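The notes start with contacts along the chain and end with a single residue.

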Amino acid sequence: MRVKAKVNICEYKLNEFVSGYVDSIDALATGKACHALGCGRTRPGLPVQHEPGVVLNCKPGDFVSEGDVTLTVHHDGSENSAKITERLVDAVLIKPNKPQ
């Protein structure tokens, strides 16, 4: 029987000074941050955690403005989770002009 772990959900909303178009999302940085949250495994045979993860609520070309939720992060609530969430936020590049 699998015991379900407690999961904290953190929605990252844009602050009042940020609006524009999602120019890009750094896939490598996103993948590394997800792994640091506990997604995936480092070696075959290790158990998989199904609780942690990230939902990207935007994609390149989307217009986002104050209060929009760009990321939803599922994490265990550890101190490290806040640092990892910041890495995820930094992976989303927002610019004033729509990307080509």
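I began with contacts between residues at least 6 apart in sequence, and 74% of these join residues at least 24 apart. Contact means heavy atoms within 4.5 Å.

I noted the origin of the numbers. This is a predicted model, in which local features need pLDDT of at least 70 and side-chain atom pairs count only at pLDDT 80 or more, while totals for chains, interfaces and linings use all residues. Residues are numbered from 1 along each chain as its sequence is written, and side-chain values use heavy atoms, with hydrogens and water left out.

**Layout.** I found two helices and six strands in the chain, in the order β-β-α-β-β-β-α-β. Helices (H or I, at least four residues) and strands (E, at least two) are DSSP runs, numbered from the N terminus. The C-alpha trace spans about 50 × 25 × 20 Å along its principal axes. I also looked up burial: 27% of the 100 residues count as buried (under 20% relative accessible area; exposed is over 50%, partly exposed in between; 1.4 Å probe, protein chains only).

**Helix pair.** How do the axes of α1 and α2 cross? The axes of α1 (residues 27-37) and α2 (residues 79-91) come within 9 Å and cross at roughly 165°. Axes are lines fitted to C-alpha atoms, for helices over the stretch in contact, and angles run from 0 to 180 degrees between N-to-C directions. The two helices are therefore roughly antiparallel (the term for angles over 145 degrees). I listed the residues in contact: A29, T30, K32, A33, A36 and L37 from α1, and S81, I84, R87, L88 and A91 from α2. By class, that contact has seven nonpolar, two polar and two charged residues. Ala, Val, Leu, Ile, Met, Phe, Trp, Tyr, Cys and Pro count as nonpolar, Asp, Glu, Lys and Arg as charged, and the others, Gly among them, as polar.

**Core.** I then looked up the largest nonpolar core, which has 11 residues, including A33, L37, L71, I84 and L88. Such a core is a set of buried Ala, Val, Leu, Ile, Met, Phe, Trp, Tyr and Cys residues joined through side-chain atoms within 4.5 Å. Two or more residues come from each of α1, β5 (69-75) and α2, and α2 gives the most, with three.

**G31.** Last, I checked G31, which is found in helix α1. G31 counts as partly exposed because its relative accessibility is 40%. Its C-alpha atom is separated by 9.7 Å from that of V54, 23 residues apart along the chain.

Conventions:
Angles under 35 degrees count as roughly parallel, over 145 as roughly antiparallel, 65 to 115 as roughly perpendicular and the rest as oblique.
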